[in-house]
Amino acid sequence: MQIRIGNIEQIRTAARQFIQEMGDARVIAFYGKMGAGKTTFIKALCEELGVEDVITSPTFAIVNEYSVSSSSTLAEPGATAIYHFDFYRIKRLEEVYDMGYEDYFYSGGLCLIEWPELIEELLPDDALRVYIKEESDGSRTLEA
């Protein structure tokens, strides 16, 4: 999968395309430099999936839970939650064990992860790995 986002006005269209192409992935790891647009894309993705909650980066909370309506386009039947992780501030893997990451990753809910490289060894084998790159013209490219 490769999706180009020319500018911020195209992000919702890109999110819809991503949803169509993500398949059955339940754990999606977003890689990219600081400022590449991970949080902005995840926000658009959540909005396209029907989240009505305020969507913010979970930098300090580590995980935010968003509710989705039963009419959402989530691939997993009956799934009504999206978990948005930001592991930027994780210092030790024990912190992730202590928060009960397995309960989230294997819940059937959609898990969207920022800074997954800090917990790489804990990611499920079938996690979808998405790389967001800022291009020289300011556009973004998503590759999976």
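This is a predicted model: local features need pLDDT of at least 70, side-chain atom pairs count only at pLDDT 80 or more; totals for chains, interfaces and linings use all residues.
Me: Which pattern does the chain follow along the sequence?

Reply: Helices (H or I, at least four residues) and strands (E, at least two) are DSSP runs, numbered from the N terminus. In this structure there are four helices and seven strands, and reading along the sequence gives the pattern β-α-β-α-β-β-α-α-β-β-β.

Me: Why does the radius of gyration of the chain agree with a compact globule?

Reply: The radius of gyration is taken over C-alpha atoms, and the globule rule is 2.2 Å times the number of residues to the power 0.38. Because a compact globule of 144 residues would have a radius of gyration near 15 Å, the 14 Å of the chain agrees with that expectation. Along the principal axes, the C-alpha atoms fill a box of roughly 40 × 35 × 30 Å.

Me: What percentage of the residues of the chain count as buried, and what percentage of the contacts comes from residues 24 or more positions apart?

Reply: Buried means under 20% relative accessible area, exposed over 50%, and partly exposed in between, with a 1.4 Å probe and protein chains only; contact means heavy atoms within 4.5 Å. Of the 144 residues, 49% count as buried, and among the contacts with a separation of 6 or more, 62% come from residues 24 or more positions apart.

Me: Where is Ile28, and which residues is it in contact with?

Reply: Ile28 sits in strand 2, which spans residues 27-31, and counts as buried because its relative accessibility is 0%. Apart from its neighbours within four places in sequence, Ile28 is in contact with Phe18, Met22, Leu110, Cys111, Leu112, Ile113, Leu128 and Val130.

Me: How many disulfides does the structure hold?

Reply: A disulfide is a covalent bond between the sulfur atoms of two cysteines; the criterion used is a pair of cysteine sulfur atoms within 2.5 Å. The structure holds zero disulfides. For Cys46, which is in none, the nearest cysteine sulfur is that of Cys111, 11 Å away. Cys46 is buried because its relative accessible area is 0%, and Cys111 likewise counts as buried at 0% relative accessibility.

Me: Which residues are buried in helix 2?

Reply: An α-helix has 3.6 residues a turn, so residues three or four places apart point the same way. In helix 2 the buried residues are Lys38, Phe41, Ile42, Ala44, Leu45, Cys46 and Glu48. After helix 2 comes Gly50, with a positive phi near 100 degrees.

Me: Where are Ile62 and Trp115 placed?

Reply: Most residues other than glycine have a negative phi. Trp115 lies in the loop between strand 5 (110-114) and strand 6 (128-134) and has a positive phi of about 60 degrees; at 12% relative accessibility, Trp115 counts as buried.

Me: Is Glu114 buried or exposed?

Reply: Glu114, in strand 5, is buried because its relative accessible area is 2%. Not counting residues up to four places away in sequence, Glu114 touches, among others, Lys38, His84 and Asp86, as well as Phe30, Phe85 and Phe87.

Me: Where is the place of Met99?

Reply: Met99 is in the loop between helix 3 (93-98) and helix 4 (101-105), and at 22% relative accessibility Met99 counts as partly exposed. Leaving aside neighbours within four places in sequence, the contacts of Met99 are Ile62, Val63, Phe85, Phe87 and Tyr104. Met99 and Ile62 are 37 residues apart in sequence, with 9.1 Å between their C-alpha atoms.

Notes:
Residues are numbered from 1 along each chain as its sequence is written. Side-chain values use heavy atoms; hydrogens and water are left out.
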